[in-house]
Amino acid sequence: MHPASHPPRTYVHDATACEECDLLIPATPLAVGQASCCPRCGHTLSRYLPDQELRPIAYGFAALIMFVLANAFTFMSFSSKGIGQEMTFIQCISTLVDEGYLFLGAVLSLTLIGLPLIYIGSIMLVLWRVDKDLHSKALRSLGRLLCQIKPWLMVDVFLVGVLISLVKLMGMADIKMGLSFWAFVGYTVLLVKMISSLDTMWLWQRLLGPTDACGVDETTDASAMESGLTGCHICGALSKAGSHRCGRCGGHLHDRKPGGLNRTWALLITSSILYIPANIYPIMDTVFLGDDTPSTILGGVVLLWAMGSYPIAAVIFFASVVVPLVKILALFWLCYAVQNGHAASPLRKLKLYRMTEFVGRWSMIDVFVVAILAGLIRLDNLMTIYPGPAAVAFAGVVLITMVAAMSFDSRLIWDLQQGERERE
């Protein structure tokens with residue numbers, strides 16, 4: 001009988017090291033619905049979710065159907081003074097390419113189509129073949145791919161961008177949502193449900209089995225580095241210090257992320273430079289009856305505020321102005337604190353880092369809004385919207401700050417506390 005028909009009542013996740021503070025965590029039994037959390041920093045290590053073999057497949061199959069429907073019909077339609085324009089989902093991307101914005105077109109293609117479809121297909125293939133013969137190298141490659149592309153899935157951010165675009169357009173013309181829009185809503189919801197219905201640590205154990213506990217004591221309060229161990233950032237398996245590859249997933253092992261703080265500093269400086277043109281130059285140009293009206297990010301916020309759309313103006317201002325700036329400043333401060341040995345309040349620093357990592361992707365809202373408006377409003381001599389040069393710079397700011405947050409190793413925060421204890 002297939003094991004999914006009678007799932008075990010408990011699941012014992014491997015001994016591991018917390019990926020955020022490096023504390024060794026012994027093997028922990030979990031009942032369905034329970035989660036294992038790091039006792040030092042509170043990071044969730046593993047969840048035993050119900051029907052983890054069946055639900056992601058069901059959600060993924062339904063999401064693929066919704067994706068096909070989202071591209072089969074009209075996404076949005078726009079009409080003003082008797083002239084109308086319809087837009088499909090793909091036109092959001094093709095318009096950017098036609099106008100020469102290949103970088104923005106590539107970003108939208110990857111974050112909205114390419115990577116989500118790869119993610120859905122990989123999960124469905126892995127879980128479908130979980131009890132069948134699939135080459136171990138293929139399993140490892142697909143598993144690593146799932147973990148690496150997950151942060152770059154932005155269909156939910158795009159959906160919020162669509163809703164903001166509606167508010168911007170309501171005072172200008174009649175807007176109708178096509179069948180593809182509602183299919184895209186379903187696609188977004190199903191993809192989010194698919195991601196949340198699968199625990200990656202459980203998946204690695206289910207695919208390749210548990211690993212050796214490496215002698216982790218249940219009462220230990222030491223870090224993996226102190227104990228001569230290295231935790232894999234991809235699958236959580238423990239290996240002896242000095243190992244170059246994880247024995248389970250095949251990922252590269254390192255006690256701390258390579259490049260140290262230098263890589264994060266370089267990325268932050270680059271994003272800070274791009275932040276200036278992103279806010280000075282227009283993010284879009286509106287041509288109305290031959291009159292060209294460029295609009296900066298702040299200009300768009302002011303316009304929305306003047307129209308009375310206070311909540312939307314606040315969302316744009318927060319996501320496109322405040323969040324990128326605060327994220328850059330927060331990461332600068334964290335790098336400075338670690339580099340200068342400020343060991344106080346490690347948990348507070350970690351919470352700040354978590355916040356910057358979580359909110360960073362939502363700054364892409366303004367880029368998606370520009371793509372939607374440019375793809376929809378193309379009424380020849382009456383009104384046309386073009387992406388501005390700031391759109392490229394702003395997309396660069398968002399993407400580079402995301403990479404900067406990923407390159408920062410939060411375990412360095414706790415290393416300072418460990419060094420302070422040793423000096424005492």
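Mentor: Start with glutamate 53. Its relative accessibility is 11%, so glutamate 53 counts as buried. The cut-offs are these: buried is under 20% relative accessible area, exposed is over 50%, and partly exposed lies in between, with a 1.4 Å probe and protein chains only. The model is predicted, so local features need pLDDT of at least 70 and side-chain atom pairs pLDDT 80 or more, while totals for chains, interfaces and linings use all residues. Residues are numbered from 1 along each chain as its sequence is written, and side-chain values use heavy atoms, without hydrogens and water.

What does glutamate 53 meet in a salt bridge? Its partner is the side chain of arginine 206, at 2.5 Å, N to O. Glutamate 53 sits in the loop between β6 (44-47) and α1 (55-70), and arginine 206 in helix α7 (residues 200-208), so the bridge ties together parts 153 residues apart in sequence. Helices (H or I, at least four residues) and strands (E, at least two) are DSSP runs, numbered from the N terminus. A salt bridge here is a side-chain nitrogen of Lys or Arg within 4 Å of a carboxyl oxygen of Asp or Glu. Side chains of opposite charge can pair when their charged atoms come close. Arginine 206, at 23% relative accessibility, counts as partly exposed.

Now the wider count. The whole structure has 8 salt bridges. One of them joins the side chains of aspartate 22 and arginine 256, at 3.1 Å, N to O. Aspartate 22 is in the loop between β2 (16-17) and β3 (24-25), and arginine 256 is in the loop between β11 (238-240) and α8 (260-280). That pair links distant parts of the chain, 234 residues apart. Aspartate 22 is buried, at 2% relative accessible area. Arginine 256 counts as buried too, at 14%.

Arginine 256 has another bridge. Its side chain meets that of aspartate 415, at 2.8 Å, N to O. Aspartate 415 lies in helix α14 (residues 411-423), so this pair ties together parts 159 residues apart in sequence. Through shared partners, Asp22, Arg256 and Asp415 form one network.

Next, a helix pair. Helix α5 (residues 155-170) packs against helix α6 (residues 179-196) at about 145 degrees, with the axes 9 Å apart. Axes are lines fitted to C-alpha atoms, for helices over the stretch in contact, and angles run from 0 to 180 degrees between N-to-C directions. The residues that meet include Phe158 and Leu159 in α5 and Phe184 and Leu191 in α6. Contact means heavy atoms within 4.5 Å.

Then alanine 330, in helix α10 (residues 310-339). Alanine 330 is buried, at 7% relative accessibility. Beyond neighbours within four places in sequence, alanine 330 is in contact with Leu352 and Thr356. Threonine 356 is 26 residues away along the chain, yet the two C-alpha atoms are separated by 7.4 Å.

Last, the chain as a whole. The chain holds 14 helices and 14 strands. Of its 424 residues, 51% count as buried. Among contacts between residues at least 6 apart in sequence, 72% join residues at least 24 apart.
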